[in-house]
Amino acid sequence: MLVLVAPGQGAQTPGFLTPWLDLPGVEDRLRALSAAVDLDLVHYGTDADADEIRDTAVAQPLLVAAGLVSAAALGEVSPGAVAGHSVGEITAAVFAGVLDDTAALTLVRKRGLAMAEAAAITQTGMSALLGGDPDTTVAHLEKLGLTPANVNGAGQIVAAGTLEQLAALEADKPEGVRRVVALKVAGAFHTRHMAPAVDTLDKAARELTPADPTVTYISNKDGKAVATGAEVLERLVGQVANPVRWDLCMETFKELGVTALLEVCPGGTLTGLAKRALPGVQTLALKTPDDLDAARELIAEHANA
């Protein structure tokens, strides 16, 4: 059984879409998506620097577009399940047939702008903690006033809060934590700091007409499968101010009997987590078109097995 997954914010790097433009139709598709949301995705995916693509309002549409064009380059894919980390859930909603490309990009553009506006209210950020006991780490974060915004499994929790709180974390790491790594994001996503974005996103979602998922859609709210398009949208709205439970998604992958995980462009983050948390599951990250042949082989072996 194959699960197709999409990464979240922070996975983007300068120029990561450049090699994909050599494939027939990719640039045309990106320009069509760019026109739909009034954002030059080709520029941001090829020529823009790290600071430009760190901007939440840019990064989120860019990541969704990258996931869509890289998945389309694979050809026919029949995963047993789909999931996405944070904004990657919108990409996964397209994979599941809940939204079409234009609806997804329209929604994520409004999401990125609303979250950027919310992030501008207070200087906030996020840091990944590597190692340590999850319960000990969460208790320590709460003592510092931080939120465990992403519980990723495989020994990784992402803390979010004000810059002052994150500085205190650097000086006072939880017991057992090896490293604290500041992430390339511009706000404390999936926390109370994003509450102002929820109403904006809810209004945007009400303008869409979702279809019910055609494949199993795993929500990172709680790792549960979601049966209706309406509930998928409801969860997409609420997740901006609530923690991502990727650890529970991976537990569900185990329960479903997933044998392979394929991560769309810019792949790597979720593949790395799966290698540590899902022993025996084959993994592959789509980084460049050079990975397409290996990805097609993985699909042929595991999709609809």
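In the predicted model, Leu262 stands opposite Leu284 in strand S10. This pair belongs to an open sheet of six strands, ordered S8-S7-S2-S1-S9-S10. The pairing in this sheet is mixed. Strand S8 (225–226) and S10 stand at its edges. Each has a single partner strand, so one side of each is left without a neighbour in the sheet. Helix H11 (residues 246–256) packs on this sheet. H11 touches S1, strand S2 (81–84), strand S7 (216–218) and S9. The direction of H11 makes about 150° with that of S7.

Strand S9 (residues 260–263) pairs with S1 and with S10 in this sheet. Strand S1 (residues 2–6) runs parallel to S9, and four bridges join the two. Within this pairing, Val3 has Leu261 as its bridge partner in S9. On the S10 side (residues 282–285), the pairing with S9 is also parallel and again spans four bridges. Here Leu261 is bridged to Thr283 in S10. S9 is covered on both faces. Ala260 and Leu262 are buried on one side. Leu261 and Glu263 are buried on the other.

Two cysteines were examined for burial. Cys249 has a relative accessibility of 0% and therefore counts as buried. Cys265 is also buried, at a relative accessible area of 1%. The structure holds zero disulfides.

A second open sheet contains four strands in the order S4-S5-S3-S6, with antiparallel pairing. Its edges are strand S4 (147–153) and S6. Each edge strand has a single partner, so one side of each lacks a neighbour in the sheet. Direction ignored, neighbouring strands of this sheet are turned by 25° against each other on average. Helix H7 (residues 134–143) packs on the sheet and touches S3, S4, S5 and S6. The direction of H7 makes about 5° with that of S5. Helix H8 (residues 163–171) lies across S3, S5 and S6. H8 runs at about 135° to S5.

Strand S3 (residues 124–131) has eight of its eight residues buried, so it is largely enclosed by the rest of the structure. Seven bridges join S3 to strand S5 (residues 156–162), and the two run antiparallel. S3 also pairs with strand S6 (residues 177–182), in the antiparallel sense and over five bridges. Leu129 takes part in both pairings. Leu129 stands opposite Ile157 in S5, and its bridge partner in S6 is Val180. Ser127 is likewise bridged to S6, with Ala182 as its partner.

Gln156 is found in S5. Gln156 is buried, because its relative accessible area of 15% falls under the 20% limit. Beyond its neighbours within four places in sequence, Gln156 is in contact with Leu129, Leu130, Asn150, Val151, Leu273 and Arg276. Among these contacts, Leu129 and Leu130 lie in S3, while Asn150 and Val151 lie in S4.

Helix H1 (residues 26–37) contains 12 residues. At 1.5 Å a residue, H1 should span 16 Å. Its end C-alpha atoms are 17 Å apart, which agrees with that expectation. The buried residues of H1 are Val26, Leu30, Leu33, Ser34 and Val37. They cover an arc of only 105° around the axis, which puts them on the same side of H1. An α-helix has 3.6 residues a turn, so residues three or four places apart point the same way. The buried residues of H1 pack against helix H2 (41–46), helix H4 (56–73) and helix H6 (101–119). Asp28 and Ala35 are exposed, and lie on the face of H1 turned away from its buried side. H1 is followed by Asp38. The phi of Asp38 is positive, near 55°.

Note on methods. Residues are numbered from 1 along each chain as its sequence is written. This is a predicted model: local features need pLDDT of at least 70, side-chain atom pairs count only at pLDDT 80 or more; totals for chains, interfaces and linings use all residues. Side-chain values use heavy atoms; hydrogens and water are left out. A disulfide is a pair of cysteine sulfur atoms within 2.5 Å. Buried means under 20% relative accessible area, exposed over 50%, partly exposed in between (1.4 Å probe, protein chains only). Two strands pair if DSSP finds at least two bridges between them. The expected span of a helix is 1.5 Å times one less than its number of residues. The arc is that of the directions from the helix axis to the C-beta atoms. Contact means heavy atoms within 4.5 Å. Axes are lines fitted to C-alpha atoms, for helices over the stretch in contact, and angles run from 0 to 180 degrees between N-to-C directions.
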